[in-house]
Amino acid sequence: MSAAATTSLPAAAPTTVPALRASRAPLWLILPALMLFTGVVLVPLAMTVLLSFHDWGQYKGIEPVLILKNWQEIATDPYYAEMFGRTLRIALITTAATALLGAPEAYILNRMSGRWRGIFLLLILGPLLISVVARTLGWALLFGGSNGLANKLLMSLGVISSPLPFLFTETGVVVALVHVMMPFMVLSVWAALQRLDPQVEHAAMSLGAGPVTILRRIVLPQIMPGVLSGAIIVFSLSASAFATPAIIGGRRLKVAATLAYDEFLNTLNWPLGAAVAVLLLVGLVLIVVGANALVERRYAEVSP
Amino acid sequence: MDIELVSLTKRYGDTVAVDGINLKIRSGSYCCLLGPSGCGKTTTLQMIAGFLTPSRGTIRLEGRDLTQVHPSKRGLGIVFQSYALFPHMTAAENVAFGLEMQRVGKAERTERVRAALAMVGLAAYEDRHPRRMSGGQQQRVALARALVIRPSVLLLDEPLSNLDAKLREEMQIELRQIQRNLGTTTILVTHDQGEALSLSDRIVVMSKGRIEQIGTPQDTYERPASAFVAQFLGKTNDFSARVEGAAPARIVVGGWSAPAPVGVRGPVTVSVRPERIGFAQDGLPARVAARIFQGNHWLFQCETECGPAIVVRPNDGLPQPGEGEAVRLAWRQDDMSIRDGSLSAGAAA
């Protein structure tokens, strides 16, 4: 007994050194990722913020000074207010549309039997496997003026007399964005539905609730956190979307992302483009963080 | 209210989950469906609740056919195994939900919710959400929610199986008291024989979709109708026995014998509960293989020529036989049930 105790003492001493080393190991392990994050996110971000305070002229190019010219221009020129307003409006309508269509879709999906659920889940996720550009060009092919396939068909059937306006309209951008964003909403709501105790609906039924009441009073409040987190994802992706507004909206219907792109690559006014990009980022972060805090406080009892 | 099941059947493809059961439950009684998992007891309850449609047969409540009535219109109170509380509502809101569905006025609703929560001892927890409550408290909310609508029948689906042993015992007593006070016809589904014995007026033992026996707890325990019931409800000793002689024939278990009932012949199996066997001067010779002290009683594992035997004796302070000692086992003739067939068949069931 005593022999075992004495032999265990020296054995215990060396273990403290590896233990100390082990406690520092996580720091070393995150270092590569941290360096990558700093190198490709933080530094360029700081440079973009700095860039937004620089001056620019048609002939003198970028001048590394610190002035508020770009910010003043954005604040005073109503063009920017209209453009940011349009970005916000498109993102909000897209979010509302995906929620209204996606939540019932997820509910129906969740009630399907195994095999059908697999097929329809694939159908919903399928679009994610195709490039956004290809999907958006598909809409352009269908509704692109009088040459669009769907427009031609509808006109030859006599349903409409002139092609449906789709390209370069806000409606067109919203429709295409809803199509692109739908999987994110469906998956988010579906995850919330998976946590639902199936007996809860039976319990409500036994207490005399009809199907509509069960949906409204029992199911919906419980999947609301899923709908709202889906909405946060869809909103931030839609507000910063580039490919879809670029193809459907084109030059005529600019949103923040396409405007920043044009300032950088066409006008070559990098500082102004940087200011637009920074404003979009700050606005999005504020909205998303605020909405998230609201969701967490409001639905603390529902989410486990 | 009286509830009656008439040749109730549920089939899933080729498998029969519930096989034409007939059962009549008297108003105000506490009936227990008891059986191992897969015996069809939960399926039966789900059919009564209306969540499953029977393949055949009818369910009658006070003579009225319930089979075609939608579950939301049956007016039954159900306590689920998982409690199935609404997690986004407080305890009071959970209980109030059924009253809201019945369009009970706000003042009366508040009053009845308060009374229901007080009845289950949760008066102080009105504004608590289920996630912030313990399992026992959630269970009480579920019970209050089911009872507040004054259901014609209360259905309990393994309501205590998620509680720890001590709490389960407390809740058993409480459940029984509440049921007695309200006089609500209650159907309890459980696989726990202790729960069934201590709670119910009548036990319905089920196996493989059929009813094995219906009776009071005492009846079912003391006069099991089949080997299955004897094995499932408590412990029992099966001895292989002979019937010797004719008019008067005697049933012989090793050194123990008694007059055989008329008509019994051939090799039979006799079944005796461990607590009904005593040590005596005459009887079945046995050897004590192990003696286990269990506080208020002793448990003896014995070996006999007719098979192993378990004997339970109260710890009455008198000297008890020790391990390895030769003893003789005896029991009263009334304490024994006789079954035909070999011992192996009885043990397999």
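**Two chains and where they meet**

In this model, 16 residues of chain A are in contact with 19 residues of chain B. The structure is a predicted one. On the side of chain A that touches chain B, the elements giving two or more residues are helix 8 (198-206) and helix 9 (211-239) of chain A. Helix 8 of chain A gives the most, with six residues. For the model as a whole, the scores are ipTM 0.80 and pTM 0.77.

Chain A can be taken next. Its secondary structure consists of twelve helices and two strands. Following the sequence, the pattern is α-β-β-α-α-α-α-α-α-α-α-α-α-α. The radius of gyration of chain A is 27 Å, whereas the globule rule gives 19 Å for 304 residues; the value is well over the rule, so chain A is more spread out than a compact globule. Along the principal axes, the C-alpha atoms of chain A fill a box of roughly 100 × 70 × 35 Å. Of the 304 residues in chain A, 29% are buried. Contacts in chain A between residues at least 6 apart in sequence can also be sorted by separation: 72% of them join residues at least 24 apart.

Helix 1 of chain A covers residues 2-51, and Leu29(A) lies in it. The number of buried residues among its twelve is zero, so helix 4 of chain A lies largely in the open.

Strand 3 (residues 30-34) of chain B runs parallel to strand 9 of chain B, and four bridges join the two. Here Cys32(B) stands opposite Ile203(B). Strand 9 of chain B also pairs with strand 10 (residues 210-215) of chain B, in the antiparallel sense and over five bridges. Val204(B) has Ile214(B) as its bridge partner in strand 10 of chain B. Strands 9 and 10 of chain B form a hairpin with two residues between the strands, where Lys208(B) takes a positive phi near 50 degrees.

Elsewhere in chain B, four strands form an open sheet in the order 17-16-15-18, with antiparallel pairing. Its edge strands are strand 17 (307-314) and strand 18 (326-330) of chain B, each pairing on one side only. Neighbouring strands of this sheet are turned by 50 degrees against each other on average, direction ignored. Strand 16 (residues 297-304) of chain B is joined to strand 17 of chain B by eight bridges. Within this pair, His297(B) stands opposite Pro314(B).

Confidence is the remaining topic. Chain B has a mean pLDDT of 89, and 97% of its residues reach 70 or more. Confidence in chain B is highest in helix 2 (residues 91-101), at a mean of 96, and lowest in helix 9 (residues 343-348), at 36. Over residues 342-349 of chain B the pLDDT is below 50, and beyond near neighbours in sequence this stretch has 13 contacts in the model. Where pLDDT is low, the predicted coordinates should not be read in detail.

Definitions and conventions
Residues are numbered from 1 along each chain as its sequence is written. Chains are lettered from A and ligands numbered from 1 in the order in which they are written. This is a predicted model: local features need pLDDT of at least 70, side-chain atom pairs count only at pLDDT 80 or more; totals for chains, interfaces and linings use all residues. The radius of gyration is taken over C-alpha atoms; the globule rule is 2.2 Å times the number of residues to the power 0.38. A residue is buried if 20 or more other C-beta atoms lie within 10 Å of its own, exposed if 12 or fewer, and partly exposed in between; C-beta atoms are placed from the backbone. Two residues are in contact if their C-beta atoms, placed from the backbone, lie within 7 Å. Two strands pair if DSSP finds at least two bridges between them. Axes are lines fitted to C-alpha atoms, for helices over the stretch in contact, and angles run from 0 to 180 degrees between N-to-C directions. pLDDT is the predictor's confidence in each residue, from 0 to 100.
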